[in-house]
Amino acid sequence: MIKRIMMVVLSICIIVMLTPAGQAMAETPSSAEPTAKPTAVKTTAKPKAKPTSKIKYTKYELILLARVVQMEAGKTHTANQLAVASVVINRLKSKKWPNSIKAVIYQRSQFTVVRYSKFSRLNPCSKALKNAKYVLENGPTVPNKVMFFKSAGLSKRWGSRDFYKRIGDNYFYS
């Protein structure tokens, strides 16, 4: 009996190893096993929406955006980095703001990190580059109306701005 079980297990292992990846094995039900009809599996996951318009950018603009992302969101929170990059892109898409990534980032009194001498010399970490590129190629990860953020270490209230949510170490507003 044990020999027979071992032979069956060995046969199954050989079949699995010889079956090309991605190809389903043909199943032959044994007479002792009841046959069941396959049922459809329903999924609740929605396909990812395509961006409405792809943003054209240069390597320099990617690096600028990644610098803002790293200095405003730090290196730790992916969601925070994506949200900071999204604020820049939301502004870029809005008619109320300048029409280039560089102009949005360097607009007076908007991103205080650009005033630091470290900003222009910073080589962004790979995570900041990856997250900046993701938002440039896939669109913002926060609603289009979210165009402001500030450190969560400050008061949550910010004039007449509508609070959206806290992401990582920042509060986001519309």
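This is a predicted model: local features need pLDDT of at least 70, side-chain atom pairs count only at pLDDT 80 or more; totals for chains, interfaces and linings use all residues.

Trainee: What makes E2 and E3 a pair of strands?

Mentor: Two strands pair if there are at least two bridges between them. E2 and E3 have four bridges, in the antiparallel sense, so by the cut-off of at least two they count as paired. Phe-163 opposite Tyr-173 in E3 is another place to look.

Trainee: Why are E1 and E2 called edge strands?

Mentor: Look at the order in this open sheet of three strands: E1-E3-E2. Strand E1 (148-151) and strand E2 (163-167) each have a single partner strand, so one side of each has no neighbour in the sheet. The twist from one strand to the next averages 25 degrees.

Trainee: Which helix packs on the sheet?

Mentor: H3 does, touching E1, E2 and E3. The direction of H3 makes about 30 degrees with that of E3.

Trainee: Why is Asn-170 called buried?

Mentor: Buried means under 20% relative accessible area. Asn-170 comes out at 4%, so it counts as buried. Asn-170 belongs to strand E3 (residues 170-173). On E3, Asn-170 and Phe-172 point one way, Tyr-171 and Tyr-173 point the other way, and all are buried.

Trainee: What makes the link between Asn-170 and Asn-80 a polar contact?

Mentor: The cut-off is 3.5 Å between N or O atoms, one able to donate a hydrogen and the other to accept it. The side chains of Asn-170 and Asn-80 are joined at 3.1 Å, so the distance is within the cut-off. Leaving aside neighbours within four places in sequence, the contacts of Asn-170 also include Glu-72, Val-84, Phe-149 and Lys-165.

Trainee: Is Gly-153 buried or exposed, and how do you know?

Mentor: Exposed takes over 50%. Gly-153 has 72% relative accessibility, so it counts as exposed. You'll find Gly-153 in the loop between E1 and E2. Its C-alpha is 7.5 Å from that of Asp-169, although the two are 16 residues apart along the chain.

Trainee: Back to helix H3, then. Why is Asn-90 put in the buried class?

Mentor: Its relative accessible area is 2%, and the limit is under 20%, so Asn-90 is buried. Asn-90 is found in helix H3. Not counting residues up to four places away in sequence, Asn-90 touches Pro-140, Val-142, Pro-143, Asn-144, Val-146 and Met-147.

Trainee: What makes a group of residues a nonpolar core?

Mentor: The members are buried nonpolar-type residues, from Ala to Tyr and Cys, joined through side-chain atoms within 4.5 Å. The largest such core here has 33 residues, and Leu-65, Ile-105, Phe-111 and Phe-172 touch the most other members. Helix H2 (59-73), helix H3 (78-93), helix H4 (101-106) and helix H6 (126-138) each give two or more residues to this core. H3 supplies the largest share, eight residues. Another core lies apart from it, with six residues, among them Met-147, Phe-148, Tyr-171 and Tyr-173.

Trainee: Which residues does Ile-105 contact?

Mentor: Setting aside neighbours within four places in sequence, Ile-105 is in contact with Leu-64, Leu-65, Val-68, Val-88, Phe-111, Val-114 and Phe-119.

Trainee: How do H2 and H6 cross?

Mentor: Their axes come within 8 Å and cross at roughly 115 degrees, and the crossing is right-handed. Among the residues that meet there are Leu-62, Leu-65 and Val-69 in H2 and Leu-129, Ala-132 and Leu-136 in H6.

Trainee: And what is the overall pattern?

Mentor: Along the sequence, α-α-α-α-α-α-β-β-β, that is, six helices and three strands. Of the 174 residues, 32% count as buried.

Notes: Residues are numbered from 1 along each chain as its sequence is written. Side-chain values use heavy atoms; hydrogens and water are left out. Buried means under 20% relative accessible area, exposed over 50%, partly exposed in between (1.4 Å probe, protein chains only). Contact means heavy atoms within 4.5 Å. Axes are lines fitted to C-alpha atoms, for helices over the stretch in contact, and angles run from 0 to 180 degrees between N-to-C directions. A crossing is left-handed if the near helix is turned anticlockwise from the far one by less than a right angle, and right-handed if clockwise.
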